[in-house]
Amino acid sequence: MEAIAETAGTNKMTLYRHFASKDELVAEYLRQSANAADACWERFGQAHPGDPLEQLSAWLEEMAFHLAEPDERGCALANA
């Protein structure tokens, strides 16, 4: 938690005010990550209604762009 607090520019006491444990902090991060993924699929569905192949192609294109980012750290779920 100390490293997380330092990176966030705060202290452990502040983190523990918002999250009961490190596990709860990780769980919240994963919930937000899942919500972001759901929003992506919603966007792909709206851009390519009724065309799952195009939706998947759009996802693959976005993932390729994302993975090429220099600060990419891999799958959040696998890393957690």
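Here is a chat about the helices, core and salt bridges of a predicted model.

Biologist: Hi! What should I keep in mind about numbering and confidence?
Modeller: Residues are numbered from 1 along each chain as its sequence is written, and side-chain values use heavy atoms, leaving out hydrogens and water. As this is a predicted model, local features need pLDDT of at least 70 and side-chain atom pairs count only at pLDDT 80 or more, while totals for chains, interfaces and linings use all residues.

Biologist: Thanks. Which residues does helix H3 cover, with Trp 41 in it?
Modeller: H3 runs over residues 22–47; helices here are DSSP runs of H or I with at least four residues, numbered from the N terminus.

Biologist: And how far does H3 reach?
Modeller: From first C-alpha to last, its 26 residues reach 38 Å, close to the expected 38 Å. That expected span is 1.5 Å times one less than the number of residues.

Biologist: Which residues of H3 are buried?
Modeller: Leu 25, Cys 40 and Phe 44. Buried means under 20% relative accessible area, exposed over 50%, and partly exposed in between, with a 1.4 Å probe and protein chains only.

Biologist: What do they pack against?
Modeller: Helix H1 (2–8) and helix H4 (52–67), where contact means heavy atoms within 4.5 Å.

Biologist: Switching topic, which residues make up the largest nonpolar core?
Modeller: Met 1, Ala 5, Leu 15, Phe 19 and Leu 25. A nonpolar core is a set of buried Ala, Val, Leu, Ile, Met, Phe, Trp, Tyr and Cys residues joined through side-chain atoms within 4.5 Å.

Biologist: What does Ala 5 touch, leaving aside neighbours within four places in sequence?
Modeller: Ala 5 is in contact with Thr 10, Asn 11, Lys 12 and Leu 15.

Biologist: Now charges: how many salt bridges are there?
Modeller: The whole structure has 3, each a side-chain nitrogen of Lys or Arg within 4 Å of a carboxyl oxygen of Asp or Glu.

Biologist: Which partners does Arg 31 have?
Modeller: Glu 24, with the closest N and O atoms 2.6 Å apart, and Glu 28, at 3.0 Å. Glu 28 and Arg 31 are separated by about one helical turn because they are 3 residues apart in H3.

Biologist: Where does Glu 62 find its partner?
Modeller: At Arg 43, with the closest N and O atoms 2.3 Å apart. That pair links distant parts of the chain, with Glu 62 in H4 and Arg 43 in H3, 19 residues apart.

Biologist: Is Arg 43 buried or partly exposed?
Modeller: Arg 43 has 40% relative accessibility, so it counts as partly exposed.

Notes. Helix = DSSP H or I, 4+ residues; strand = E, 2+ residues; numbered from the N terminus.
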